[in-house]
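Reader: Could you take me slowly through this structure, one question at a time, and show how each answer is reached?
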Amino acid sequence: MFLRLYRSSQNLHFSKLKSRVFSSQVFLKPENISNKSTIFSATLGGVGLGIYLHLNSTIYSDAADEGLHPPSYPWDHNSPFSTFDHASIRRGYQVYQEVCAACHSLDRIAFRNLIDVSHTEDEVKTIVEGIEVEDGPNDIGDMFQRPGKPSDYLPRPYPNEEAARAANAGAYPPDLSLIVKGRHGGADYIFALLTGYYDPPPGIEVREGLYYNPYFAGGAIAMARALYDGIVEYEDGTPATTSQMAKDVATFLSWASEPEHDERKKLGLKAVTILTGLFVLSIWLKRFKWTPLKTRKIIYNPPK
Ligand code: HEC
């Protein structure tokens, strides 16, 4: 096979890619010395094209169009061995309820999901007693209001997308359940976005009703700055600075996007430990079974 490829490379009617793959063989043959420069330039061209395509797709970006890349923050749950900071989830839930829930829904989280994560069962029962939920239809076909149950999902601020757009100058506040998974940068992006409101730099015009935020794609977002120092009062006494609230709500939303996170890491650790043990055992077993075969000596005594 190599001989055939080698021959076909001699007449030089091959693509750049092929030339990269087989050129080293060709170099080694002294009789091909006349083709050397052609092959060298073809290889260089191929490598150059590869580098160009690589850089173009992964590194090139336009901060104005795609948004500024958020920095990486040292989240408590970053390491493969760490869980969420649950006190932070609890504070983040408070921030979500007191600030974000005025505009954003969180459709995939039910009150019962908070039990043993950020609140006790009794606390959750107290929370849901305070809300009214529409249920029904009843025996005579009417919808009715009843007190909440832990199995109810968090209520939405608007009945539908049209109402949400109408109340927000045409922009739709997205559901936040999966926003950490749904945005490049995840929790880093949420934190950077919430703390990234600045005055527009000279020369940048921001349309009426939009706010300058370099982390948002396009640089102008329809959501006004939502967090200001001290707008919530944490029950655990943590000072409610803008960045503290942004960190807590980003942690809460990370949990909402991946409630199985802690369990997943715990299970992963167990699985890796057990599988490593089994792997070592399987190597030992393989050697044990093969040793007699591999160390035997076969002697042929030709008939005299
Ligand atoms: C006054 C209403 C309002 C409040 C309060 C509010 N938002 Fe928003 N939010 C919006 C609107 C409107 C958009 C859509 C912006 C756009 O598309 O330009 C939005 C968009 C977002 C986005 C998506 C950005 C993207 O990349 O598409 C995130 C994340 C977000 N908000 C998080 C929050 C968090 C967290 C809070 C609470 C701290 C919050 N918002 C409070 C109205 C609000």
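Predicted model: local features only at pLDDT ≥ 70, side-chain atom pairs only at ≥ 80, totals over all residues.

Reader: Which helix gives the largest share of the shell around the ligand?
Author: The shell holds 22 residues, and the closest of them are C100, C103, P173, A222 and M223. Sorted by class, the shell has 19 nonpolar, two polar and one charged residues. Its largest share, three residues, comes from residues 186-194, that is, from helix α9.

Reader: How do helix α5 and helix α10 lie, roughly parallel or roughly perpendicular?
Author: Helix α5 covers residues 86-98 and helix α10 covers residues 242-257, and their axes are 7 Å apart at an angle of about 100°. Angles of 65 to 115 degrees count as roughly perpendicular, and therefore α5 is, relative to α10, roughly perpendicular.

Reader: How many residues of the contact of α5 with α10 are nonpolar?
Author: On the α5 side the residues include I89, Y93 and V95, while those on the α10 side include V249, F252 and W255. When the residues of this contact are divided by class, three are charged, three are polar, and the nonpolar ones number eight.

Reader: Is W255 buried or exposed?
Author: W255 lies in helix α10, and, leaving aside neighbours within four places in sequence, W255 is in contact with F84, I89, V117 and H261. The C-alpha atoms of W255 and I89 are separated by 7.3 Å, although the two residues are 166 residues apart along the chain. A residue needs 20 or more other C-beta atoms within 10 Å to count as buried; because W255 has 28 C-beta neighbours inside 10 Å, W255 is buried.

Methods. Residues numbered from 1 in each chain as written. Near = placed C-beta within 6 Å. Helix = DSSP H or I, 4+ residues; strand = E, 2+ residues; numbered from the N terminus. Nonpolar A, V, L, I, M, F, W, Y, C, P; charged D, E, K, R; others polar. Axes fitted to C-alpha atoms, helices over the stretch in contact; angles between N-to-C directions. Parallel < 35°, antiparallel > 145°, perpendicular 65-115°, else oblique. Contact = placed C-beta atoms within 7 Å. Buried ≥ 20, exposed ≤ 12 C-beta atoms within 10 Å, placed from the backbone.
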